[in-house]
Amino acid sequence: LVSRKKRPEDTIVKFNGVEVGGPSPILVAGPCSIESRDQLRTVAKALKESGITVMRGGAFKPRTSPYDFQGLGLDGLKLLKEVADEFGLATISEIVHPSHIEIAADYIDVIQIGARNMHNFELLKEVGGAKIPVLLKRGLSATLDEFIHAAEYIMVSGNEQIMLIERGIRTYETATRNTLDISAVPLLKQETHLPVMVDVTHSTGRKDIMLPCAKAALAAGADGIMVEVHPDPQTALSDAAQQFDIPQFGNFWNGLKNSGLFG
Ligand code: PEP
Ligand code: MN
């Protein structure tokens, strides 16, 4: 069902006035984790002033260690909705359990399925039964064929509003957090009719190369870029090393706009 051979025209995913997969790419930005109202409002204000329409923020955090911050859960989603409504932004947030789907639908515009759950087929089926767009992340070591089949699980269960996002894969290279697989972009665009985005934060883990990597992604045909922004990254409760502060984010966004790749 996700194959371009079955459906030659591009799928455009629509939510809260935003279109992904159409002529103009989008930028999704926001903190790794939702931590407080002040934190979210600072980021939301900066996004609004930059003309960015979609904010991300994690409430259910799949952390490597059970002793690390696990996210604010439902309280986080409530904060996200409150702040997004105040600033007129659309929202994306990860869920990690089928029981979150129903609550999430009341608070967010797009459900994110994280890299660790790309192979969680029961969760994919449940999300496939929901009437809310899905942002599906590539698994930590997933082949493109496995990634495409994960999207197929969602679509065959009834949900056609799916966006794919490359977020880096595990290789032997240690210079970056993961290895950004740029070739995934044109290949996924060829093989499927779904919008394809690139998360430059989790793929590189390096703020010094996120701008050129984002440009490369757009030049390769990506429909959108995701990046993490935090008002004070040093104090962030997750992914402190890789989140832009607001001025760094401003430079990144100006660089992208000036590249002419944003249409
Ligand atoms: C995230 O986007 O917050 C995240 C946890 O990313 P990933 O699932 O790609 O590791
Ligand atoms: Mn993160």
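What radius of gyration would a compact globule of 263 residues have, and what radius does the chain have? A compact globule of that length would have a radius of gyration near 18 Å, and the chain, with 17 Å, agrees with this; the radius is taken over C-alpha atoms, and the globule rule is 2.2 Å times the number of residues to the power 0.38. The structure is a predicted model, in which local features need pLDDT of at least 70 and side-chain atom pairs count only at pLDDT 80 or more, while totals for chains, interfaces and linings use all residues. Residues are numbered from 1 along each chain as its sequence is written, and chains are lettered from A and ligands numbered from 1 in the order in which they are written.

Along the principal axes, the C-alpha atoms fill a box of roughly 45 × 40 × 40 Å. Buried residues, those with 20 or more other C-beta atoms, placed from the backbone, within 10 Å of their own, account for 50% of the 263 residues. Two residues are in contact if their C-beta atoms, placed from the backbone, lie within 7 Å; of the contacts between residues at least 6 apart in sequence, 67% join residues at least 24 apart.

The chain has nine helices and ten strands, which are DSSP runs numbered from the N terminus (helices H or I, at least four residues; strands E, at least two). Eight strands close into a barrel with parallel pairing, in the order β3-β4-β5-β6-β7-β8-β9-β10; strands pair if DSSP finds at least two bridges between them. Neighbouring strands of this sheet are turned by 25° against each other on average, direction ignored. Helix α6 (residues 184-191) lies across β8 (162-166) and β9 (196-199), running at about 160° to β9; axes are lines fitted to C-alpha atoms, for helices over the stretch in contact, and angles run from 0 to 180 degrees between N-to-C directions.

The loop between β6 (110-113) and α4 (121-128) holds Ala-115. Ala-115 is buried because 24 other C-beta atoms lie within 10 Å. Not counting residues up to four places away in sequence, Ala-115 touches Lys-137, Arg-138, Gly-139, Leu-140 and Arg-167. Glu-166 is 51 residues from Ala-115 in sequence, and their C-alpha atoms are 9.3 Å apart in space.

Ala-115 also belongs to the residues around ligand 1, with Cys-32, Gly-58, Glu-94, Gly-114, Arg-116, Lys-137, Arg-167 and His-202; the criterion is a C-beta atom, placed from the backbone, within 6 Å of the molecule. This shell divides into two nonpolar, three polar and four charged residues, where Ala, Val, Leu, Ile, Met, Phe, Trp, Tyr, Cys and Pro count as nonpolar, Asp, Glu, Lys and Arg as charged, and the others, Gly among them, as polar.

Terms used:
Buried ≥ 20, exposed ≤ 12 C-beta atoms within 10 Å, placed from the backbone.
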